[in-house]
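I opened the structure and kept notes on what I looked up. The entries follow in the order of the notebook.

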Amino acid sequence: MSRRAIIELQQVSKRYAVSRDTPVLDNLSTEVMEGEFVSLMGPSGSGKTTLLNLIAGLDIPDSGWVKIDGTDLRTLRDRQLSKLRLHTIGFVFQSFNLLPAFRVEENVSWPLDLCGHKRAEVRRRTAEALQRVGIVGCERRYPAELSGGEQQRVAIARAIATGPSILLADEPTGNLDSHTGETILDLLRNLNDSEGVTIVMVTHNVFAATYGHRTLEMHDGKIVRDVRAPAPPPVSAVDIGSR
Ligand SMILES: Nc1ncnc2c1ncn2[C@@H]1O[C@H](COP(=O)(O)OP(=O)(O)OP(=O)(O)O)[C@@H](O)[C@H]1O
Ligand SMILES: [Mg+2]
């Protein structure tokens with residue numbers, strides 16, 4: 001594994017107006033190496049989603065800085081930030097966030113359209129991404145016509161279609177039953193193993209966390225534990241989908 005830091009956070013603090021007294025992120029510093037698969041754990045409200053949002057440039061810290069692939073996000077204009085999000089970072093949400101009025105293939109292809117690819121290339125990449133996640137034959141369906149696991153796979157296809165080097169996944173198995181959750185985790189592991197995609201995955205589940213090389217644990221906006229996880233997951237999959 002390369003030792004280049006692809007995500008760096010230095011003394012990052014964030015508070016929201018409504019919770020002015022308690023910082024949501026409190027002077028947090030860490031880095032993630034290229035090719036790492038990090039599981040991010042911690043109780044509800046500890047700041048995990050906020051941290052992912054800052055890494056993705058969807059929100060900005062009050063103080064401190066975030067660097068992606070060596071670039072300080074503070075130095076980027078809106079357009080450059082959108083470009084970085086489009087090309088470098090894929091985001092998978094717990095609630096899938098698919099566009100209900102768009103067909104499966106359109107849900108995957110719109111970021112490719114935004115990237116400016118030609119029509120044939122958009123089609124090729126869309127088909128490839130859907131195939132990668134095992135969604136074949138339902139390209140013309142709408143999200144509501146898919147199971148939760150299928151919707152999450154479409155969401156992953158959308159996130160990887162542009163070939164990002166970083167995948168941020170916010171509880172990708174949180175809404176899924178344990179078997180489906182395991183399929184998603186295998187998919188993430190495969191992306192990490194075979195394509196070297198750096199993954200930061202939020203999870204409440206100890207079994208899911210074993211898919212990562214490393215576990216970060218947050219509490220009250222701080223990283224309170226940073227441990228190398230045992231690589232292979234236990235043989236029996238217990239309770240992956242539940243929190
Ligand atoms: N947009 C916002 N405005 C005000 N407060 C917010 C906002 N987003 C998050 N918070 C607060 O910041 C804290 C951290 O929220 P965050 O969503 O990062 O937690 P989390 O660790 O992801 O929790 P969960 O496991 O429940 O998803 C919470 O107390 C939350 O209420
Ligand atoms: Mg969250």
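How are α3 and α5 oriented to each other, roughly parallel or roughly perpendicular? I noted first that this is a predicted model. I then read the angle between helix α3 (residues 104–115) and helix α5 (residues 148–160), which is about 25 degrees. Angles under 35 degrees count as roughly parallel, and α3 and α5 are therefore roughly parallel to each other. I found their axes 7 Å apart. I recorded the crossing of α3 past α5 as right-handed.

I listed the residues in this contact next. From α3 I have V104, N107, V108, W110 and P111; from α5 I have V154, A157 and R158. Sorted by class, the contact of α3 with α5 holds 6 nonpolar residues, 1 polar and 1 charged.

Next entry: the other helix pair. I looked up α5 against helix α6 (residues 178–195), where the axes come within 10 Å and cross at roughly 15 degrees. That angle makes α5 and α6 roughly parallel to each other as well. Here too I wrote down a right-handed crossing, with α5 passing α6. On the α5 side I noted G149, Q152, R153, I156 and I160. The residues they meet in α6 are T180, I184, L187, L188 and L191. By class I have 6 nonpolar, 3 polar and 1 charged residues for the contact of α5 with α6.

Next entry: domains. I took the division of the protein chain from the domain assignment, which gives domain 1 as 1–88 + 165–243 and domain 2 as 98–163. How far apart do the C-alpha centres of domain 1 and domain 2 lie? I have 23 Å for that distance. I then looked up the contact and found 14 residues of domain 1 touching 14 residues of domain 2.

Last entry: buried area. Between them, domain 1 and domain 2 bury about 1100 Å², and 69% of that lies on carbon and sulfur atoms. Which residues of domain 1 lose the most area to domain 2? I wrote down L86, H87 and L187, which together make up 41% of what the domain 1 side buries.

Conventions
Residues are numbered from 1 along each chain as its sequence is written. Chains are lettered from A and ligands numbered from 1 in the order in which they are written. This is a predicted model: local features need pLDDT of at least 70, side-chain atom pairs count only at pLDDT 80 or more; totals for chains, interfaces and linings use all residues. Side-chain values use heavy atoms; hydrogens and water are left out. Axes are lines fitted to C-alpha atoms, for helices over the stretch in contact, and angles run from 0 to 180 degrees between N-to-C directions. Helices (H or I, at least four residues) and strands (E, at least two) are DSSP runs, numbered from the N terminus. Angles under 35 degrees count as roughly parallel, over 145 as roughly antiparallel, 65 to 115 as roughly perpendicular and the rest as oblique. A crossing is left-handed if the near helix is turned anticlockwise from the far one by less than a right angle, and right-handed if clockwise. Contact means heavy atoms within 4.5 Å. Ala, Val, Leu, Ile, Met, Phe, Trp, Tyr, Cys and Pro count as nonpolar, Asp, Glu, Lys and Arg as charged, and the others, Gly among them, as polar. Buried area is the accessible area (1.4 Å probe) that two parts lose on being put together, summed over both.
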